[in-house]
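Visitor: Could you take me through this model, one question at a time?
Guide: Gladly; here it is.

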Amino acid sequence: IRFLEGYYIVLITQRKCIAYIGSHAIYKIEDTKIFPIPLNSVRVSHPDEARYFKIFQNVDLSSNFYFSYTYDLTNSLQYNMQASGQLADEGIDSA
């Protein structure tokens with residue numbers, strides 16, 4: 001993510017497997033940590049940076065945020081099934 005002074009990386013430090021869609025595990029975020037990404041250039045101080053950072057920290061990423069390593073959760077199940085069917089028709093393994 002980027003605020004006014006530079007970039008940060010949000011790392012998922014704890015996860016919990018909550019479901020499976022076929023053979024794809026779906027995880028819920030349990031905990032995260034935020035780290036600044038140092039740049040080669042000098043970071044210019046901005047008075048609103050701390051305020052934006054605090055606002056972002058108040059977003060509860062452990063509530064209703066899910067991910068999968070092998071399944072695209074941004075698409076509908078119907079779309080993903082159609083896409084995997086097309087891959088199977090072409091002889092390509094989708095896993």
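Visitor: In which loop is Ser68 found?
Guide: This is a predicted model, in which local features need pLDDT of at least 70 and side-chain atom pairs count only at pLDDT 80 or more, while totals for chains, interfaces and linings use all residues. Residues are numbered from 1 along each chain as its sequence is written, and side-chain values use heavy atoms, leaving out hydrogens and water. With helices (H or I, at least four residues) and strands (E, at least two) taken as DSSP runs numbered from the N terminus, Ser68 is found in the loop between β3 (66-67) and α2 (77-89).

Visitor: Is Ser68 buried or exposed?
Guide: Buried means under 20% relative accessible area, exposed over 50%, and partly exposed in between, with a 1.4 Å probe and protein chains only. Because its relative accessible area is 15%, Ser68 is buried.

Visitor: Which backbone oxygen does the side chain of Ser68 reach?
Guide: A polar contact is a pair of N or O atoms within 3.5 Å; within protein, one must be able to donate a hydrogen and the other to accept it, and residues adjacent in sequence count only if both atoms are side-chain atoms. The side chain of Ser68 reaches the backbone nitrogen of Thr70 at 3.2 Å. At 2.9 Å, this side chain also reaches the backbone oxygen of Ala25.

Visitor: Which residue forms a salt bridge with Arg51?
Guide: A salt bridge needs a side-chain nitrogen of Lys or Arg within 4 Å of a carboxyl oxygen of Asp or Glu, and the count comes to one. Arg51 is partly exposed at 46% relative accessibility. With the closest N and O atoms 3.9 Å apart, the partner of Arg51 is Asp48.
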